[in-house]
Amino acid sequence: MATTHASASAEPTRRDFLFLATGAAGAVGLAATIWPFISQMAPDAATIAAGAPVDFDLAPVAEGQIVKLFWRGKLIFVRHRTAAEIKAAQETDVTSLRDPEADSARVKPGKDQWLVVYGNCTHLGCVPLGNEGAFHGWQCPCHGSVFDTSGRIRQGPAPINLPVPPYAFTSDKAIRIG
Amino acid sequence: MSGHSTYVPKSAVGKWFESRLPIMGLIHSSFVVFPNPRNLNYFWTFGGILAFMLVSQIVTGVVLAMHYTAHADMAFNSVELIMRDVNYGWMLRYLHANGASMFFIAVYVHIFRGLYYGSYKAPREVLWILGVIIFLLMMATAFMGYVLPWGQMSFWGATVITNLFSAIPGVGEVIVSYLWGGYSVSNPTLNRFFSLHYLLPFMIAGVVVLHIWALHVPGSNNPSGIEKKTDKDVLPFHPYFTVKDAFALSCFLMVYVWFAFYIPNFLGHADNYIEANPAVTPAHIVPEWYFLPFYAILRAIPDKLLGVLAMFGSIAIMVVVPWLDTSKVRSGNYRPVFQVFFWLFAINAVILGWLGSKPPEGMYVIASRICTVYYFAYYILVLPLLGLFETPKSLPASIADSVLGKGGSGSAMASGAAASPSTKG
């Protein structure tokens, strides 16, 4: 950069310093201004607070029944699986799956009859219909994804299995989600 | 917009004002004396129709917003109150809802007109790209407007479309939760969509100004695709094209209000009269008809990320059309082989729309894939290669020649001029 000093040295001048310092301060100021406008889009405090864990009583859920409930505004399926459904889920060759995951990794130990998964298709978020599709798990009415009785993706465009939300058994017949 | 104005105000007040803000001169040079090619056919009236539809949508929309409540618990009811309690609320809402469909009908005719007559070619590339931007803004506006009644189709349409962004590797889930303002489509989502639905039409209006500005630099393309050269090739905008545009608009409005008054729900879905329920997806969920071809492309591809990319790509590819088409000849009228591929493309787009309304299984998926391949092949293979291999017909020497029948394929102008004034007694 041209220098106005008589010394004509290659050293940066005060003007160079002011130019860079002003630019840097401007960039930081711009980022600090933009950030609140981005951040306000995120889930707000009330929405996050409403995400407290929910308790769910399993006792009324009959064998073969699928119950829907909400946690953090997201739909969750609780499925009381029949012996045949458990058997089908366990005997599936895991290596043949798109998103390989053993049935045992998707239920709590000793609680094979209880499957708890998010109820929105991992493709584009529709609610799959229970007991439908070639694997009698779920089938999505929107774009045709088929899930098995472990909630794993078997056919169609969904990329991954129905995720298992964080939950724990608080007693033999009750769970706490979250 | 078309160089120096020849406008001279008649009154002293007019002169005083014009010397301070020369807006009347701008209007005069842009919409009164502006020289248009004399051979413009009715496909060129859709620009004016679109301008009218934008104003119509803004006017009805602003009034509807005075009666609408953007809250997840109240939105559905407020729309029913508009339909039942507000004076003429039913009419305003049906005009607005059907107006969106009419807007898209007009814009599709407008786009296909541009594709057939090569209106995207130099020197109109920027004009064309501004048009693609308007089309994208229109799609965003229409999508968010459809969410506002908070019916089942609103809710699940919003869920499916926002989930498209979850296909982005790594940050997809975070982006989607930022779009929602929650962990699912919910009240914050409705609020921000209402805000943006109100904003975007004014952004469209801004880009429309640029679109018209860019149009008035070279002037309109025309059916012969050759540039205007002499005064014989042109006619002033007023009265020749104001009258033509007004007549076309009147015909278009008859169709529009016929829909709004007689079959107001024909283009909608009955499911949207059921209030949004996050626990149940309607058995047969489809977007509004104007999104169906793109929806079919999304569903044709069995991979989530690739499907989303193909869908956005099907619109984004229109940006580079001016550089994909290698033909020196602008108008499809003089390109016999192009015509075949063009009409196949148009039919293909309609079939894609029909496939988008069908369930995603069996034959429909296979057909969607074939149509998707042709959709992209038209842009990526046909347009570049045709320009190299096709022998176009000989072009007329001028626009006037094409109209007066000397060479080219234009029909004589006399047929219009000789029409009898009235057959009524």
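In α12(B), the buried residues are Lys304(B), Gly307(B), Val308(B), Met311(B) and Ser314(B); buried means that 20 or more other C-beta atoms lie within 10 Å of a residue's own, C-beta atoms being placed from the backbone. They lie on the same side of α12(B) because they cover an arc of only 125° around the axis, the arc being that of the directions from the helix axis to the C-beta atoms. This is a predicted model, in which local features need pLDDT of at least 70 and side-chain atom pairs count only at pLDDT 80 or more, while totals for chains, interfaces and linings use all residues. Residues are numbered from 1 along each chain as its sequence is written, and chains are lettered from A and ligands numbered from 1 in the order in which they are written.

**Helices of chain B**

- Helix α12(B) covers residues 304-316; helices are DSSP runs (H or I, at least four residues) and strands are runs of E (at least two), numbered from the N terminus.
- The 13 residues of α12(B) reach 18 Å from first C-alpha to last, close to the 18 Å expected at 1.5 Å a residue; the expected span is 1.5 Å times one less than the number of residues.
- The cover over the buried residues of α12(B) includes α11 (292-300) and α15 (363-389) of chain B.
- Helix α9(B) has 30 residues and reaches 44 Å from its first C-alpha to its last, close to the 44 Å expected.
- Among the buried residues of α9(B) are Phe193(B), Phe194(B), His197(B) and His211(B).
- The buried residues of α9(B) pack against α3 (46-65), α4 (75-84), α6, α7 (152-163) and α8 (172-180) of chain B.

**The loop residue Ile226(B)**

- Ile226(B) sits in the loop between α9 (187-216) and β2 (234-236) of chain B.
- Ile226(B) counts as buried because it has 23 C-beta neighbours inside 10 Å.
- Its contacts beyond four places in sequence are Leu395(B), Pro396(B), Ser398(B) and Ile399(B); a contact requires C-beta atoms, placed from the backbone, within 7 Å.
- Ile226(B) and Leu395(B) are 169 residues apart in sequence, yet 8.2 Å apart from C-alpha to C-alpha.

**Core and chain interface**

- The largest nonpolar core has 103 residues; such a core is a set of buried Ala, Val, Leu, Ile, Met, Phe, Trp, Tyr and Cys residues joined through C-beta atoms within 7 Å.
- Helix α5 (residues 89-116) of chain B gives the largest share of this core, 11 residues.
- Cys126(A), Phe103(B), Ala106(B), Ala296(B) and Ile297(B) have the most contacts inside the core.
- Cys126(A) touches residues of both chains, including Cys121(A), Cys140(A), Trp156(B) and Ile285(B).
- Between the chains, 22 residues of chain A are in contact with 27 residues of chain B.
- The chain A side has 12 nonpolar, six polar and four charged residues; Ala, Val, Leu, Ile, Met, Phe, Trp, Tyr, Cys and Pro count as nonpolar, Asp, Glu, Lys and Arg as charged, and the others, Gly among them, as polar.

**Domains**

- Chain B is assigned domain 1 (35-284) and domain 2 (286-390), with bounds from an automatic or database domain assignment.
- The centres of these two domains of chain B, taken over C-alpha atoms, are separated by 21 Å.
- In chain B, 26 residues of domain 1 are in contact with 22 residues of domain 2.
- Helix α6(B) supplies seven residues, the largest share of the domain 1 side.
- That side divides into 17 nonpolar, seven polar and two charged residues.
- Chain A is divided into domain 1 (1-42) and domain 2 (48-177).
- The centres of the two domains of chain A are separated by 54 Å, taken over C-alpha atoms.

Key
Buried ≥ 20, exposed ≤ 12 C-beta atoms within 10 Å, placed from the backbone. Contact = placed C-beta atoms within 7 Å.
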